[in-house]
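Look through the model below before reading on. The paragraphs that follow start with a sheet and end with a pair of helices.

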Amino acid sequence: MVNDVLRDLEANVDKAIEALQRELAKVRTGRANVAMLDGIRVDYYGTPTPLNQVSALSTPDPRLIVIKPWEKRLIPDIEKAIRDAGLGINPSSDSEVVRLAIPPLTQERRKELTKVVSRIGEEARVAVRGCRRDARTLLEQAGKEGEIPEDDVEQGLKKIQAIVDKAIERVNALVEKKQAEIMEV
């Protein structure tokens, strides 16, 4: 029983950290990164389709993203979707590709983005603590019902806390790394 709870906790914590990594990848750092475009959908034959499924995305240099659609007729739709996404990037195109020049971030914008990253990190910490609460509840309930001995409950609670502490450290490290990337000029 204790091992099952710990295994579930680790799986849930890993999911929370993966979600954090996805969210952090979307935050602009002043460098070209195709993950910035993950949430963008393009109208493809009447269906909103992820940009990476209708085109090839590449970063030929640190300040440029190149989007080469499979069908050239999609270029205006891709430009519109990027403008509507509110990334603060103005697309330019020719008959073959759409180019996104990533402008350098101002110091004020960098500070705003570090606050956004802090908020995303706090949401991840809250999610991890929620996982801890659920695991503790399961273990304590099993102890009250006599399914497992009190000593095992105590040991399990210590292991739960150790898993959560390690996860919070990972979250903090990811947040600090992203903030350092944003602040680097």
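Two strands count as paired if DSSP finds at least two bridges between them. Helices (H or I, at least four residues) and strands (E, at least two) are DSSP runs, numbered from the N terminus. The model is a predicted one, in which local features need pLDDT of at least 70, side-chain atom pairs count only at pLDDT 80 or more, and totals for chains, interfaces and linings use all residues. Residues are numbered from 1 along each chain as its sequence is written, and side-chain values use heavy atoms, with hydrogens and water left out.

Begin with the open sheet, where four strands lie in the order S3-S4-S6-S5 with antiparallel pairing. Strand S3 (55-61) and strand S5 (91-93) are its edges, each pairing on one side only. On average, neighbouring strands of this sheet are turned by 25° against each other, direction ignored. Strands of a sheet pair through backbone hydrogen bonds. S3 is joined to strand S4 (residues 64-69) in the antiparallel sense by five bridges; alanine 56 has lysine 68 in S4 as its bridge partner.

Helix H2 (residues 75-84) lies across S4, S5 and strand S6 (98-101), and runs at about 170° to S5. Such angles run from 0 to 180 degrees between N-to-C directions, and axes are lines fitted to C-alpha atoms, for helices over the stretch in contact.

A further pair of strands forms a hairpin. Strand S1 (residues 41-44) and strand S2 (residues 47-50) pair in the antiparallel sense over four bridges, and arginine 41 stands opposite proline 50 in S2. Two residues lie between the strands of this hairpin, and tyrosine 45 takes a positive phi near 50°.

Now turn to helix H1 (residues 2-26), which has 25 residues and spans 37 Å from its first C-alpha to its last, close to the 36 Å expected. The expected span is 1.5 Å times one less than the number of residues. Which residues of H1 are buried? Among them are Val2, Val5, Leu6, Leu9 and Val13, where buried means under 20% relative accessible area (1.4 Å probe, protein chains only). An α-helix has 3.6 residues a turn, so residues three or four places apart point the same way.

The buried residues of H1 pack against helix H3 (107-144) and helix H4 (150-183), contact meaning heavy atoms within 4.5 Å. H1 and H3 pack at an angle of about 170°, their axes 10 Å apart. The two helices H1 and H3 are therefore roughly antiparallel, a label for angles over 145 degrees.

Methods:
Buried < 20%, exposed > 50% of the residue type's maximum accessible area, 1.4 Å probe, protein only. Parallel < 35°, antiparallel > 145°, perpendicular 65-115°, else oblique.
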